[in-house]
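This report is meant for a reader who is new to the structure. Please look through the sequence and the model below before reading on.

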Amino acid sequence: MIPTEDHDASAPLLDGRYRVEQAIGQGGMSVVYRGVDESLHRPVAIKLFHAGIVDIARQEAELGVLASLEHHNLVSLLDAGVVTGQDGTQQRYIVMSLVVGQDLEERLAVGPLASRHIAEIGYDMAEALDYIHAHGVVHRDIKPSNILLVDYGNGSDRARARLTDFGIALAAGVERLTADGVTTGTAAYLSPEQARGGEVGPPSDVYSLGLVLLQCFTRRREFPGSLVESAVARLSRDPVVPEPLPEHWKHLLRAMTAQDPAARPLGAELVTMLRDVVIAETATADHVVEPTDETAPVPTRSETDRPATLDTLPDESLQRTTAMAARLFDAPIALVEVLDEDREWSQSYIAEGVDEAARSISFRNGFAPVPVPVVIPDGSAHPEMRNSPLVTGPLGIRFYVSVPLVKHDGAPIGTLAVLDTRPRQATEDDLANLRDLAALAVSQLEIRQESLRTTSDSLPVPRVVGDHTA
């Protein structure tokens, strides 16, 4: 198999042609490497799927379709093959164009995008979706990290966007939410029909793109949290479109994220709508949604500004909370995560012998606690969880229960969850005990905050709004 370290000229070639260099990306299904096509002397990206992810014998037709896609807003599939390890294990790899530039997720982390550039990115993606849908391909995983902003090196201020990662179509029957996906945010961009486990078609991609464009303005995920938390939120409400946006944006985003797939604009209609938005934005001043108390990322106090002793008791309290929760339910996994006023907290209890994948379970990345208890007696029978690798993968999770960590003013700031491999029920007494554990942990966190406020180390963190240009 292929190691992750850099390869020199003596390294073996894939199919005698592709020399593998350093790893440049990794997910739950594959690793992406920078490589060189020795025949054409050009840089390429090589995606190597983990063994067992792709049914090699059944995927030739899908590869043919993907290889036929050729569009200026897509990252092209150049080649595909199979690499066989010394033990006879086979892994599929695909070779793609190597795109120079940031992905949209990286760009949003830098600062706000001008609304004109958001419109241009949306228009590029609408053209890409119009093209692939006309060829019978549904992407199923539209998210900022799969949208590349290409740097052609000509100094242009136009953000040319290209859609990538069609290799996921090779994983027939594999839910897009891997254990890794829960922490990287894939769950945040699913359409309602994906969250329900229903039929997925072109409208699903349009919904996901709508969430991406909304995030370009707010710079936060609309439906963050874990798989279950994100799905519950998505199925219970529509995305909140900021009122400061002009009508053409509000109309577009609400149409793209309609609950009813039949109500979403598709194909040429979506292209036309985004073209009109580009025209409107070119003729007017840029619109940037200023961060508010609800939408802005929570500022983080530097470690040097925080007395270390104030973190010790809450940290120990959270450690004990997870251990006690696991004992309470006689369960192998318990975890707690908190978004406090100035920092995030994360602790977990993992019993001996539990698969290492348990350490990838997280509520982080755009954290948003669910303010009510959640109980799933048997994940294999639950419509939003049964296809998740948490259930179908090595962990084999069946039971899930969580309660919010709630401050004295009623604001939820975290989640305490217990997971088990056995289907089971949670009684009212069980939930009451879990809520009591959560309340004890919150009391330590609130004592800490009060201590911070009454010391010279608790000066308010200034909120800086960045430049509004792309």
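What pLDDT does the protein chain average, and what percentage of the residues score at least 70? The model is a predicted one. Its protein chain has an average pLDDT of 78, and 77% of the residues reach a score of at least 70.

**Confidence along the chain**

Residues 364-368 have a pLDDT below 50, and in the model this stretch makes 22 contacts beyond near neighbours in sequence. Residues 1-7 also stay under 50, with 18 contacts beyond four places in sequence. Among the elements of the protein chain, helix α8 (residues 247-256) has the highest confidence, at 95, whereas helix α4 (residues 179-184) has the lowest, at a mean of 34.

**Helices α6 and α8**

Helix α8 packs with helix α6 (residues 202-218). Their axes are 8 Å apart and the angle is about 140 degrees. The two helices are therefore oblique to each other, and their crossing is left-handed. Which residues make the contact? From α8 come Trp-249, Leu-253 and Met-256, while α6 supplies Val-206, Tyr-207, Leu-209, Gly-210, Leu-213, Leu-214 and Phe-217. Nine residues of this contact are nonpolar, one is polar and none is charged.

Five strands form an open sheet with antiparallel pairing, in the order β10-β9-β13-β12-β11. β10 (344-350) and β11 (374-376) each have a single partner strand, so they stand at the edges and one side of each is left without a neighbour in the sheet. From one strand to the next, the twist averages 10 degrees.

Helix α12 (residues 428-453) lies across β9 (333-339), β10, β11, β12 and β13 (412-420). Relative to β12, helix α12 runs at about 35 degrees.

**Strand pairs**

| Strand pair | Bridges | A pair of bridge partners |
|---|---|---|
| β11 and β12 (residues 399-406) | three bridges | Val-374 and Ser-402 |
| β5 (residues 77-84) and β6 (residues 90-97) | seven bridges | Val-82 and Arg-92 |

β5 and β6 make a hairpin with five residues between the strands. What phi does Gly-88 take in this hairpin? Gly-88 has a positive phi near 90 degrees.

Methods
Residues numbered from 1 in each chain as written. Predicted model: local features only at pLDDT ≥ 70, side-chain atom pairs only at ≥ 80, totals over all residues. Heavy atoms only, no water. pLDDT = per-residue confidence, 0-100. Helix = DSSP H or I, 4+ residues; strand = E, 2+ residues; numbered from the N terminus. Contact = heavy atoms within 4.5 Å. Axes fitted to C-alpha atoms, helices over the stretch in contact; angles between N-to-C directions. Parallel < 35°, antiparallel > 145°, perpendicular 65-115°, else oblique. Left-handed = near helix turned anticlockwise from the far one by under 90°. Nonpolar A, V, L, I, M, F, W, Y, C, P; charged D, E, K, R; others polar. Pairing = 2+ DSSP bridges.
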